[in-house]
Amino acid sequence: MAQKEWRRLATPLHEAGLLTLADRAALAAYCQAYGRWVEAEEHLSRTPTLIKAPSGYVQQSPWLTVANKQMEVMGRYMTELGLTPVARTRLDMSMDAQHDPITRIELVAVYTDENGERQESPIDQGHTARRRDSAEPEIRRIELDERL
């Protein structure tokens with residue numbers, strides 16, 4: 001189960017910029033705690049939460065102790081890895097402090113001219129870029145910077 005959780009989270013966290021190689025141990029620890037929590041919850045679904053000890057006293061199931069402890073461990077790592085809404089809010093605030101706010105988006109056609117030089121030409125709203133040697137509109141792909 002821990003491996004499934006790793007596969008579920010590693011790529012999206014990495015693509016979002018929240019996971020680096022340095023964070024691998026934290027994600028592994030979270031996934032291990034998750035796997036143990038799932039196992040404990042499966043056992044609890046088949047057994048009572050309170051059991052009678054050999055001494056005759058009633059006590060909580062050891063599986064309940066494991067489940068609660070692993071949930072506590074998971075919560076700490078979820079905060080560290082940005083897996084809770086509050087943690088993501090904190091991450092958003094720290095990322096806002098690092099970057100200037102976007103106040104304007106300008107569409108620019110980027111292409112390579114006949115000399116192999118990179119060229120940029122602004123695209124006005126409502127107007128289509130046209131090749132200089134043709135009356136036909138040129139189809140250009142517009143790529144937005146992924147940091148936007």
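In which helix is alanine 40 found? Alanine 40 belongs to helix 2, where helices are DSSP runs of H or I with at least four residues, strands are DSSP runs of E with at least two, and both are numbered from the N terminus. The structure described here is a predicted model, in which local features need pLDDT of at least 70, side-chain atom pairs count only at pLDDT 80 or more, and totals for chains, interfaces and linings use all residues. Residues are numbered from 1 along each chain as its sequence is written, and side-chain values use heavy atoms, with hydrogens and water left out.

Of the 148 residues in the protein chain, 19% are buried; buried means under 20% relative accessible area, exposed means over 50%, and partly exposed lies in between, computed with a 1.4 Å probe on protein chains only. Among contacts between residues at least 6 apart in sequence, 38% join residues at least 24 apart, a contact being heavy atoms within 4.5 Å.

The helix packing comes next. The axes of helix 1 (residues 2–15) and helix 2 (residues 24–46) come within 8 Å and cross at roughly 140°. Here axes are lines fitted to C-alpha atoms, for helices over the stretch in contact, and angles run from 0 to 180 degrees between N-to-C directions. Helix 1 and helix 2 are therefore oblique to each other, on a scale where angles under 35 degrees count as roughly parallel, over 145 as roughly antiparallel, 65 to 115 as roughly perpendicular and the rest as oblique. The crossing of helix 1 with helix 2 is right-handed; a right-handed crossing has the near helix turned clockwise from the far one by less than a right angle, and a left-handed one has it turned anticlockwise. On the helix 1 side, Ala2, Glu5, Trp6, Leu9, Ala10 and Leu13 take part, meeting residues of helix 2 that include Leu27, Tyr30, Cys31 and Tyr34. The residues of this contact divide into 10 nonpolar, two polar and two charged, with Ala, Val, Leu, Ile, Met, Phe, Trp, Tyr, Cys and Pro counted as nonpolar, Asp, Glu, Lys and Arg as charged, and the others, Gly among them, as polar.

Helix 2 also packs against helix 3, their axes coming within 8 Å and crossing at roughly 150°. Helix 2 and helix 3 are therefore roughly antiparallel to each other, and their crossing is left-handed. By class, the contact of helix 2 with helix 3 has 19 nonpolar, two polar and three charged residues. Back in helix 2, alanine 40 is buried, with a relative accessible area of 0%. Leaving aside neighbours within four places in sequence, alanine 40 is in contact with Trp63, Val66 and Ala67. Alanine 40 and proline 62 are 22 residues apart in sequence, and their C-alpha atoms are 8.9 Å apart in space.

Charged pairs round out the picture. Side chains of opposite charge can pair when their charged atoms come close. A search of the whole structure finds four salt bridges, each defined as a side-chain nitrogen of Lys or Arg within 4 Å of a carboxyl oxygen of Asp or Glu. One of them links lysine 69 with glutamate 72, whose closest N and O atoms are 3.6 Å apart. Because lysine 69 and glutamate 72 are three residues apart in helix 3 (residues 62–81), about one helical turn separates them. Glutamate 72 also meets arginine 76 in a salt bridge (3.3 Å, N to O), and these two residues lie four apart in helix 3, again about one turn of the helix. Lysine 69 is partly exposed at 40% relative accessibility, glutamate 72 is partly exposed at 44%, and arginine 76 is partly exposed at 46%. Through shared partners, salt bridges join Lys69, Glu72 and Arg76 into one network.

Another salt bridge pairs glutamate 120 with arginine 118, the closest N and O atoms being 3.1 Å apart. Glutamate 120 and arginine 118 are both exposed. By contrast, alanine 109 in strand 3 (residues 108–112) is buried, with a relative accessible area of 1%. Alanine 109 and glutamine 119 are 10 residues apart in sequence and 8.0 Å apart in space, C-alpha to C-alpha.
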